[in-house]
Each structure stands twice: as structure tokens, then as C-alpha cells.
Amino acid sequence: MSAYDLVIRHGTVIDPSAGLHGRRDVAIAGGRIAAVAEPGTLEAARSLDASGRLVTPGLIDLHAHVFDRGSRFGVPADACCLRRGTTTAVDAGSAGAITWGLLADELDRQATRVFALLHISMIGMPADGELLDGDWPDVSRAVETIAAHRDRLIGVKVRLSPRVVGANLQRAFERALEAAQRAGVPLMVHPNAAAMPMEAILERLRPGDIVTHCFNPSPQSVVDGCGTVHREAFEARRRGVLFDVGHGAGSFSFERAERALAQGFAPDVISSDLNSLCVDGPAWDLPCTMSKFLLLGLALDDVVARATARPGALLPVEGLGTLRPGAPADVVLLERRQGRFEFIDGARQRRTGGERLVATAVVRDGHVVDGVGA
Ligand SMILES: [Zn+2]
């Protein structure tokens with residue numbers, strides 16, 4: 001009788017949480033990681049061949065939009081996340097207090113593991129403009145909803161772009177900060193083109209809060225108009241504020257990212273902001289977004305850490321984003337596809353790279369997922 005249900009053999013394992021990068025086999029039993037050991041030492045009823053592949057913890061996308069039925073930005077989680085290597089996604093504010101129940105029902109029908117940030121607007125994001133009415137950002141309803149669903153709701157989301165908030169910028173931002181404070185959770189801020197200096201936004205954020213779209217092309221980016229990383233961004237990072245990529249349709253600029261990386265300001269988390277406006281390009285999926293950071297010179301292990309262990313540490317399930325024995329058995333096999341790939345950013349700038357990460361097999365809770373691989 002075999003000791004394990006499944007062994008993933010012959011791959012190169014990268015588990016940044018353990019500082020591991022090397023040839024290992026990974027054994028799974030009862031839906032959990034059971035062992036990571038030297039090749040050929042683990043017996044199982046079933047094996048998955050990972051020859052020529054990277055074997056990493058299932059990818060975690062800290063910023064995605066999977067409210068397929070309730071938001072124009074939504075995409076189906078299993079088709080766009082799970083089958084492309086993202087075993088865990090965080091829906092970043094597609095639902096607010098009055099629509100959360102609908103999103104929760106939709107998520108119950110998906111195999112992707114999904115957590116969510118609750119929008120400070122009670123209506124969530126059916127389309128742009130969710131804060132144009134000053135009554136929609138509602139602290140009490142947000143706090144109550146989060147308190148009732150702490151297993152899935154991990155924070156508050158606010159968007160500060162003019163087309164989203166209109167005249168309610170200050171009110172929306174203050175209420176989002178207050179709701180996060182009262183609920184005891186982080187706030188994720190989308191600052192793009194806000195009618196408020198980036199320095200003023202950064203100064204209000206507390207340890208654990210998250211700046212998404214950190215390399216967006218507007219002046220409300222971590223990089224100022226002269227190409228210098230804001231002093232306040234370094235200060236915010238020192239006190240524990242996190243910086244997330246959130247690629248999306250128009251929220252990622254190669255040039256901003258290059259400037260920031262050159263000044264020692266790498267993102268804490270690499271996320272796709274996958275939504276209906278970028279799933280067919282320019283973001284495509286999380287492995288493509290990660291590939292852009294390989295192109296920009298970030299080391300492979302650092303890229304993997306920013307889409308596994310780093311976001312995993314923010315989630316309420318122990319071991320997500322790692323291959324630690326006892327962790328949920330979420331694993332992805334990635335091919336480092338070689339060739340000539342044209343990558344496009346949110347400002348429609350192009351860069352040519354020599355490799356692209358592609359998920360070729362996915363394991364979720366110990367089960368091999370069907371329909372993976374291009
Ligand atoms: Zn988003």
C-alpha cells in the first residue's frame with residue numbers, strides 16, 4: 001500500500017517560503033502536502049510527471065475580479081484563474097455590503113479558492129462610478145459584513161480615480177480608512193489619477209495596508225513625474241505598507257516599474273488585476289504578469305515569492321503559498337517557455353522577452369485540475 005495519494009516527480013521545486021530551489025519530489029496525502037524529498041524516494045498510488053517543469057506552490061493572485069455575474073469587470077474564476085495556475089485569488093472589491101452575498105454564492109460554485117476585499121461602496125463595482133453617490137460608502141454596513149464573514153473577507157477596498165469618486169474623494173477615502181480600522185483589517189487603495197497627491201495618500205496608510213497599481217502610469221504611482229520613487233513610499237514601506245502590482249488594463253507601466261526597480265523598490269506582491277478588460281491582453285493571466293518581471297530583471301525565485309508566499313501570508317488559511325508539510329495541496333507546474341514574446345503594458349508600450357511562464361498542470365487540494373495547459 002502506498003503511503004501517499006500522489007507524487008509529483010522529476011520537477012524543479014521552488015518554494016520561497018523554505019528557501020528551496022532544487023530537484024525534489026512532492027508527495028500529497030489527504031489533500032495536504034505530505035513531504036518534499038529527494039527524487040525517487042517517495043511511493044504513491046499515482047504520480048504526475050514534472051520533467052522539465054518548475055513545481056511551485058499554487059499561485060496566489062492578490063488582485064483579481066471574479067464576480068462574473070455581478071460586475072462588468074468580472075471573469076469566471078476557474079477558467080481564468082485556476083486553469084492558468086492561480087489556485088487562490090482575492091477578489092479586490094467587486095462586491096460591497098449589499099452584493100457580497102451574491103458573490104459568495106457564485107464563489108461556492110467555483111473550485112478556485114477565493115477570498116475577497118469588500119468595497120467601501122455598498123454596491124461594489126458593477127461598473128465605474130461606484131462612489132459617485134456620497135451615501136454609497138457605508139462604514140457600518142462594511143464593518144458588519146466583514147465581521148460576519150471573516151473567513152473570506154480579508155480587507156476593505158477603495159478606488160480614488162475621478163471617474164469612480166467624482167466629488168466624494170475625501171469622504172470615500174476617510175470612510176474606507178475608518179471601516180478598515182474598525183473591522184481590524186487592511187485597506188487596499190487604488191490611487192490612479194486621484195485628485196490628491198500621492199504623498200498625501202501614502203501618509204494616511206497604516207502597517208498592513210496595500211497600495212495596488214503601484215506602477216500605474218498616472219502621477220499617483222510610487223514613482224513621481226521625474227521618475228523618482230517618492231520618499232513617502234520608502235517611509236510607508238518601512239512602517240509595513242505593502243505595494244502590489246495590480247496590472248489590469250491600464251494600471252501597469254514598464255517605465256514606472258523599471259524606474260522603481262532601478263531605485264531598489266521592487267513590488268511586495270505581483271498580481272494581475274485580472275478582469276474582463278484585460279484577460280485577453282494586456283494582462284492575460286498571472287503567469288504572464290510574472291513573466292514581465294522576469295523580463296525586467298527580477299530573479300525567478302523573487303518573482304515566485306511575490307505570487308505565492310508573500311500574498312499567502314496575508315490570508316487566513318495556514319500554509320497557503322507554501323509547500324510546507326500540512327499545507328493545503330495546491331501546486332502548479334510551470335513551463336519556462338522559450339522564444340520571442342512581445343509583452344504589452346497598460347500604456348500600450350511594448351517590450352520583447354525571451355521567456356514566458358505557462359501553467360501546464362494544476363493541483364488544487366490534492367486533485368489534478370482538468371483542462372489546464374495551452
Ligand atoms: Zn482591480
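1. Donors are taken here as N, O and S atoms within 2.8 Å of the metal; water is not among the atoms, so sites may look incomplete. On that basis, the donors of the zinc ion are spaced along the chain as H-x1-H-x207-D. The model is a predicted one.

2. The residues behind this pattern are His63 and His65, each through NE2, and Asp273 through OD, with distances to the zinc ion of 2.0 to 2.4 Å. The two histidines, His63 and His65, are both buried.

3. The protein chain divides into domain 1, made up of 4–56 + 325–339 + 346–368, and domain 2, covering 58–312. Their centres, taken over C-alpha atoms, lie 27 Å apart. To the contact, domain 1 contributes 27 residues and domain 2 contributes 33 residues.

4. How much area do domain 1 and domain 2 bury between them? The value is about 2,300 Å², with 62% of it on carbon and sulfur atoms. Of the area that domain 1 buries against domain 2, 27% comes from Arg351, Leu357 and Arg364, more than from any other three residues.

5. Four salt bridges are found across the interface of domain 1 and domain 2. Asp285 and Arg356 form a salt bridge in which the closest N and O atoms are 3.5 Å apart.

6. On the side of domain 1 that touches domain 2, the elements giving two or more residues are strands E5 (54–57), E13 (331–344) and E14 (350–364). E14 gives the most, with 10 residues.

Note on methods
Residues numbered from 1 in each chain as written. Predicted model: local features only at pLDDT ≥ 70, side-chain atom pairs only at ≥ 80, totals over all residues. Heavy atoms only, no water. Donors = N, O, S within 2.8 Å, 3.2 Å for Na, K, Ca; no water. Buried < 20%, exposed > 50% of the residue type's maximum accessible area, 1.4 Å probe, protein only. Domains from an automatic or database assignment. Contact = heavy atoms within 4.5 Å. Buried area = accessible area lost by both parts, 1.4 Å probe. Salt bridge = Lys/Arg side-chain N within 4 Å of Asp/Glu carboxyl O. Helix = DSSP H or I, 4+ residues; strand = E, 2+ residues; numbered from the N terminus.
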